[in-house]
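This report is written for a reader who is new to the structure shown below.

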Amino acid sequence: MERMPKWADVILTPLISLVLAFAISALVILAIGESPVEALKVMVEGALLSSYGWGYTLYYATNFVFTGLAVMVAYHAGLFNIGGEGQAAIGGLGVTLVLLYLPWPHWALALPAAMVGAALFGALWALIPAWLQARRGSHIVITTIMFNFIAAALLNYLLVNVLRPQGSMDPASASFPPATHLPKLSDMALGLGFEWGKNTPANITFFIAIGACLLVWLLIWRTRLGYEIRALGKSEPAAVYAGISPTRIIVIAMLISGALAGLMAINNVMGEAERLIFNAVEGAGFIGIAVALMGRNHPFGVFLAALLFGFLYQGGGELALWTTIPRELIIVIQALVILFTGALDNMVRMPLERFFMAMRKRGGA
Amino acid sequence: MDFATILQIVDSAVRLMTPLLLACLAGLYSERAGIFDIGLEGKMLMAAFTSASVAYATGTVWLGLLAGIGGALALSLVHGLASITFRGNQLISGVAINFLAAGLTVLLGQKIFGLGGRTPSLEGDARFHAITLPFAENLRGVPVIGPIYAEVISGHTVLVYLAFALVPLTWWVLYRTRFGLRLRAVGENPASVDTAGVSVTRMRYAAVAICGVLCGIAGAYLATGISAGFVKDMTAGRGYIALAALIFAKWRPWPALFATFLFGLMEAVSNRFPDLDLGFVTIPSMFMNALPYILTVIILAGFVGRAIPPRAGGEPYVKER
Amino acid sequence: MTARSGAENMAPAIELRGISKAFGPVQANKGIDLLVPRGTIHGIIGENGAGKSTLMSILYGFYRPDSGEILIGGKPIAITDSLTAIRAGIGMVFQHFKLVQNFTVLENIILGAEDGPMLRTSLGRARAELKRLAEEYELQVDPDALIEELSVGHQQRVEILKALYRQADILILDEPTGVLTPAEADHLFRILRGLRDEGKTIILITHKLREIMEITDNVSVMRRGEMVASVKTAETNPTALAELMVGRKVLLRVDKAPARPGAPVLEVRDLRMVDADGVERLRGIDLSIRAGEIVGIAGVAGNGQTQLLEILGGYPEPGAKLAGEITLKGQPLALKGSDARARRRAGIGHVPEDRQVEGLIMDFTAWENVAFGYHDAPEFQNGLMMDNAAIRADAVGKIERFDVRPPNPDLASKNFSGGNQQKIVVAREVERNPDLLLIGQPTRGVDIGAIEFIHKRIVALRDAGKAVLLVSVELDEIMSLSDRIAVMFDGRIMGERLPEQTTAGDLGCLMAGVAPSDQDAEAGA
């Protein structure tokens, strides 16, 4: 017997959670003496009603797709990876090493190599927490938090003492050679003969993100590995019964998760900054948690949620520019989305289930 | 390094460890009752903001302290609602609370003070001031003990002494009172408490509330003791270091004192000597900053004495058949 | 055993009138009446799932009954929570102890029954009280020992002491000897007799007939949620109780031709297992199953059947120590370093005892579950991808042949009824034509129609010349399906029987650990 229809489970519950999160956000805006309607207007205008706004919205969304997918893959294996922030940061290191220390004649050659570097470094940063969870039972949430801080300290050290060019005061690496600069979406539009998103950071990585969504979808729902990841995440005793090794799956799922988080560096480090700066990830690793939760751990949902957060991020910047509302409003919304879709899920679900049960009883009688 | 320098570093370590100690004890109460709390950071941050705001508005630091406790308690209530009443995921709830605090403090601060998330500087009675203990100046001349007394032990704010007093108090509550017995039991095996006729829900809410109060004091100390006002994101990961200290201390009060002192000392040393030259090797400050986290991972891995969390930690309690 | 005079004069310690409790569609207790006189030991006996534990949980305030009345000492009482039960003088010793492992005995005793906000006074009083109780009832235990350092028998004493410290007049023990050695059990019985002689009332829930006969004054029998009989123990015998327990209901006879056993398929020699906690679960199992033969393992749950299935299925509990020898069609099977995948490749199919925890991923669709465990089979692969079309087509066929309803392969498995879930598992394992099928509790929580269907498929597999190892706590099922019956008790095979040469009473005695030689003696007593 279903407690409630599938559509209610997949669409209605997250939708109500989302509405609750936004309603409270609106109250917060009211509380600081601003109009939620006006705020929404500014955000939509700034993020969606110009190609300039879209150029930023898509750039941010690209970051969030990668970190959201990273959280999602781990989640399917029953693991809560909050180390996306550190994995993405170390992924940036991988990109930087590849681009600075190897000669690249053209970006099209540099890109695959940089992707390998980003994925490899991100995966390695997830490997130790994964191994400790699988073999020593050390809680992966705590170890990944610790690894975020260790990553920050490591990068800080490397940027100040190793990667910083001589004479520079900035804790940042040298700029990557121009040959490795990725085409921006605006360049590509120009190539097609129209002007779009001039001076915005959205770049070719956006398409890689879409590809990553497809690949992750294939991985999780079309491959044996994905099948085993999902089985383990749902029931460890059943997985063992079926001959699936929990240790192996935990390690592999976290490697993939870390690699996805690491790949974000292609967008922000290679595509936008074109050098490694300190705190390049800017919290995108954590936004991945909200994106995955809201996207119901499905790549399509993650993509939509990433777009929404891209919009919020860019819109929040516009808010800060044109109104007195600081861009931290976005962090509040992000927190409320995580709270309602993640931790307070039962608060929405339990009354809904009772409602549908009651409806069915009445229908049956 | 001379004796005076060492004293200065230890004195600074005492200051820096105080918020860690308070937050660590806060987490201890919560986690000993079976509620994991990675939201220490957020609660401290919220408390720092509310305490600084009210202290500024009223000019009275004590009202600020109360407000700090209130701010942290409000977030504790959210955590309790999510993890006790609605049996949600305690870790996700903690993450959400950290962001909620990070966002709300700036949002409200900007609205109220218009300083980009800062509060105005606190002066006079709006801050906690150092207390000079009796005879500190008279005894300064006594060799060894005199300077230690005057430099390290004397000259802190009342909250520092409170934090240190909380260590034996927590030990006593935990191991010598009915409340402590039930608190520990509810984190180890809630069914034992339930079948003994004691409400698991009430015990856990009480623990979460105490956690809020202590985080509130920690935040208030940050904003009105160490600093003269609130600055955006001023906790800077201290909530996570406190969490690390809690694991390091294996959820016990006296080791928590030691762990937070160790972590405070590391911060003091790296503040004083950004690049610590040990002769054969130079230790960069970043390494000192990361050391608490590295040590915690090693402890968690169980290579140096295993840290076993309370057995029922992280699990919502559901009566079994 | 003498009935105490005077007990009849007083109001009964416990009286239940028409207690009913349903969990969704499952009626766990139906109109239960029970009368327990003060100062007696009252046994409640019944098969797994007969509703004994539910009834006791109602008495201890874990559930509210849907209807009915509870009287304690003649006074009606609404037991809303455990605190009410404790105040009414009820103490409960659960099957799974409710102790805090890293607390001392003393701390566990006073938890929830402290004298005041400081522990010092409580601990002092408890220490003195413990000393008194220990002397009075042979309940010696070191008050300062940590629970995790104590043996299971001593932990149980702590549970009893907990109840006595709260001045319980009525003590309920749920399967108290399940975890005890015979010597420990004897000691427990001495304690219980002592308590009774002091005027305490004791309810003993068990499925072991020997214990009922040995210690109780009265016994009530539960079957399928109903109280079917209450008698004086002195006026009954194990065979009669076994029949009451199992019921004289019409046996589900399975039409099957006589077995034509062939060559041995599975040989188990002196299989021993000690689990990670150091408890000996299997104490030297010898078992042989031939092709074209169904061997049924009868026994009360928890006597090592689960461990036997898990070891044969290739996934013993982590940290367990194993010894012995297993061969499949003459080839030795590895005891260690094997996994379930290797066992499937070797030709062993496995319908696990708990389909919801092991056999199915409840959130997976039916078609995904039809491949579960065989998802690496070559016919389900398509290059790097899984061939979902092939898996789905395979599932559609199995769903049709096994009449799974609704025949919707896209429905999540949790949304099928128990019987249809089980059909999915059985279809998956049986249609692979394994040389050996392990099948645990094939019809637990399954409706009549599905039971018949599943039984027919098991027999068909046998007739195709395959070996079947059937583990079930349902005696009917064992008797109607098996070609040979082995009874497991306490990690051993207590005896083997041919179904046509045995009775429910005979098997019931073996299941309760009574060897055949003791049976006549007890029946005559």
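## Chain A as a whole

For the 365 residues of chain A, a compact globule would have a radius of gyration near 21 Å, and the value of 22 Å for chain A agrees with this. The radius of gyration is taken over C-alpha atoms, and the globule rule is 2.2 Å times the number of residues to the power 0.38. The model is predicted: local features need pLDDT of at least 70 and side-chain atom pairs count only at pLDDT 80 or more, while totals for chains, interfaces and linings use all residues. Residues are numbered from 1 along each chain as its sequence is written, and chains are lettered from A and ligands numbered from 1 in the order in which they are written.

Chain A holds 15 helices and zero strands. Helices (H or I, at least four residues) and strands (E, at least two) are DSSP runs, numbered from the N terminus. Along the principal axes, the C-alpha trace of chain A spans about 80 × 55 × 40 Å. Of its 365 residues, 56% count as buried. A residue is buried if 20 or more other C-beta atoms lie within 10 Å of its own, exposed if 12 or fewer, and partly exposed in between, with C-beta atoms placed from the backbone.

## Chain C as a whole

Chain C contains 18 helices and 22 strands. Its radius of gyration is 25 Å, close to the 24 Å that the globule rule gives for 525 residues, so chain C is as compact as a globular protein of that length. The C-alpha atoms of chain C fill a box of roughly 75 × 50 × 45 Å along the principal axes. Of the 525 residues of chain C, 49% count as buried.

## A sheet in chain C

Chain C has an open sheet of six strands in the order 6-7-8-3-9-10, with mixed pairing; two strands pair if DSSP finds at least two bridges between them. Strand 6 (90-93) and strand 10 (226-232) of chain C stand at the edges with a single partner strand each, so one side of each is left without a neighbour in the sheet. Direction ignored, neighbouring strands of this sheet are turned by 20° against each other on average. Strand 3 (residues 41-46) and strand 9 (residues 218-223) of chain C run parallel and are joined by five bridges. C:Gly46 has C:Met222, in strand 9 of chain C, as its bridge partner.

Helix 1 (residues 52-59) of chain C packs on the sheet, touching strand 3, strand 6, strand 7 (170-174), strand 8 (201-206) and strand 9 of chain C. The direction of helix 1 makes about 150° with that of strand 7 of chain C; axes are lines fitted to C-alpha atoms, for helices over the stretch in contact, and angles run from 0 to 180 degrees between N-to-C directions. Eight of the eight residues of helix 1 of chain C are buried, so this helix is largely enclosed by the rest of the structure. Helix 1 of chain C is followed by C:Gly61, which has a positive phi near 80°. Helix 8 (residues 238-246) of chain C lies across strand 3, strand 9 and strand 10 of chain C, at about 30° to strand 9 of chain C.

## Contacts of chain A

The contact between chain A and chain B takes 36 residues from chain A and 38 residues from chain B, where two residues are in contact if their C-beta atoms, placed from the backbone, lie within 7 Å. On the side of chain A that touches chain B, the largest share, 11 residues, comes from helix 6 of chain A. By class, this side has 24 nonpolar, nine polar and three charged residues. Ala, Val, Leu, Ile, Met, Phe, Trp, Tyr, Cys and Pro count as nonpolar, Asp, Glu, Lys and Arg as charged, and the others, Gly among them, as polar.

Chain A also has 16 residues in contact with 20 residues of chain C. Helix 9 (224-234) and helix 10 (236-241) of chain A are the elements that give two or more residues to the side touching chain C.

## Backbone details

The peptide bond from C:Arg405 to C:Pro406 is cis, with omega near -10°. C:Pro406 is placed in the loop between helix 13 (388-401) and helix 14 (418-430) of chain C.

A:Glu282 is not a glycine, yet has a positive phi of about 50°. With 15 C-beta neighbours inside 10 Å, A:Glu282 counts as partly exposed.
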